[in-house]
Each structure stands twice: as structure tokens, then as C-alpha cells.
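Please read the points below alongside the model.

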Amino acid sequence: MADSKKAELDMVKVTFVSSDGTRRAVDIAEGETAREAALFNDVPGIDGDCGGVCACATCHVFVDPAWIDKVGRLAEGGAEADLLQFAEGANEYSRLACQIPIEPLVEGLILHVPEQQY
Ligand code: FES
């Protein structure tokens with residue numbers, strides 16, 4: 001009983017919103033990333049081709065404005081910013097899902113999936 005209770009506490013809920021408005025809430029273990037939250041749950045529109053090493057930008061998401069301060073804005077000058085400058089429709093809420101750690105602080109996080117990744 002205690003183990004199952006602990007397992008529940010280790011899960012964090014993340015909601016992905018497709019460009020057509022479809023919402024998909026998934027549970028992902030603390031310590032994973034938002035990329036894994038999408039891929040492990042077959043969320044359409046997140047490819048994550050490079051395996052999560054910040055080298056492809058096919059995990060581009062728009063952080064819901066209500067969550068951007070908790071997730072953190074894109075740091076200027078880093079590899080993530082370099083990739084996102086070429087991403088379709090990138091804006092001030094853009095992040096790479098593989099660079100968003102899942103932790104209890106982001107329980108209920110909402111991420112918007114771009115219409116396309118290329
Ligand atoms: S999975 Fe390639 S940059 Fe995120």
C-alpha cells in the first residue's frame with residue numbers, strides 16, 4: 001500500500017493542447033522531461049527525433065503563458081535558443097520539451113503543440 005501511494009506521488013500531470021484545441025492530459029514520472037511525457041503517451045505533434053539532446057527542435061512547444069514563469073523562459077545564447085530561432089512560429093513562449101524537466105513544481109503544466117515541427 002505504501003509503495004503504491006508513493007508511486008502516485010511521483011507522477012506529475014501535464015496537459016498538451018493541439019493546434020486544433022484538442023487537450024490531452026498525461027501523467028509522467030518526476031525526473032523525466034516534457035518530451036518523454038509526450039512520447040511515452042503518443043501525443044501527436046512531438047517527434048523528439050534527436051533523443052532529447054537538444055539537437056533537432058522537433059520537440060518545440062509553446063508553454064502556456066500562465067506557466068512560463070514556473071517553467072522559465074528561453075535562455076538567450078544557448079543551444080536551445082539557437083535551435084528555436086529556426087522553428088516554425090517560434091515566439092516568446094517557445095521551449096524545447098526535452099529541456100523542460102518534470103518536477104512537482106510543474107504539476108498541472110499546460111503545453112501547446114505547434115501545428116507543425118518543420
Ligand atoms: S528532442 Fe531534439 S531538441 Fe528536443
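Which residues of the largest nonpolar core touch the most other members? Point 2 takes this up, after a word on conventions.

1. This is a predicted model: local features need pLDDT of at least 70, side-chain atom pairs count only at pLDDT 80 or more, and totals for chains, interfaces and linings use all residues. Residues are numbered from 1 along each chain as its sequence is written, and side-chain values use heavy atoms, with hydrogens and water left out.

2. The largest nonpolar core has 31 residues, and V14, F16, V63, I100, L109 and L111 touch the most other members. Its elements with two or more residues are β1 (11-17), β2, α2 (34-39), β3, α3 (68-71) and β5 (109-112). The largest share, four residues, is that of β1. A nonpolar core here is a set of buried Ala, Val, Leu, Ile, Met, Phe, Trp, Tyr and Cys residues joined through side-chain atoms within 4.5 Å. Buried means under 20% relative accessible area, exposed over 50%, and partly exposed in between (1.4 Å probe, protein chains only). Helices (H or I, at least four residues) and strands (E, at least two) are DSSP runs, numbered from the N terminus.

3. L109, one of the core residues named above, touches K13, V14, T15, V63, W67, V71 and I100, leaving out residues up to four places away in sequence. Contact means heavy atoms within 4.5 Å.

4. The sheet is open and has five strands in the order β2-β1-β5-β3-β4, with mixed pairing. Its edge strands are β2 (23-29) and β4, each of which pairs on one side only. On average, neighbouring strands are turned by 40 degrees against each other, direction ignored. The axes are lines fitted to C-alpha atoms, for helices over the stretch in contact, and angles run from 0 to 180 degrees between N-to-C directions. Two strands count as paired if DSSP finds at least two bridges between them.

5. The pairings can be taken one by one. β1 and β5 run parallel and are joined by four bridges; V17 stands opposite H112 in β5. β3 and β5 are antiparallel, over two bridges, with V63 opposite L111 in β5. Strand β3 (residues 60-63) also pairs with β4 in the antiparallel sense, over three bridges, and H60 faces L96 in β4 as its opposite residue.

6. What does the side chain of R95 reach at 3.3 Å? R95 belongs to strand β4 (residues 94-96) and counts as buried because its relative accessible area is 7%. Its side chain reaches the backbone oxygen of Q99 at 3.3 Å, and a polar contact of 2.8 Å links the side chains of R95 and E80. A polar contact is a pair of N or O atoms within 3.5 Å; within protein, one must be able to donate a hydrogen and the other to accept it, and residues adjacent in sequence count only if both atoms are side-chain atoms. Beyond four places in sequence, R95 touches residues including C59, V63, V71, L84 and I100.

7. V26, in strand β2, is buried because its relative accessible area is 4%. Among its contacts beyond four places in sequence are V12, V14, F16, A37 and V43.

8. On the cysteines, the disulfide count is zero, a disulfide being a pair of cysteine sulfur atoms within 2.5 Å. C50 is partly exposed, at 24% relative accessibility, whereas C98 is buried at 8%.
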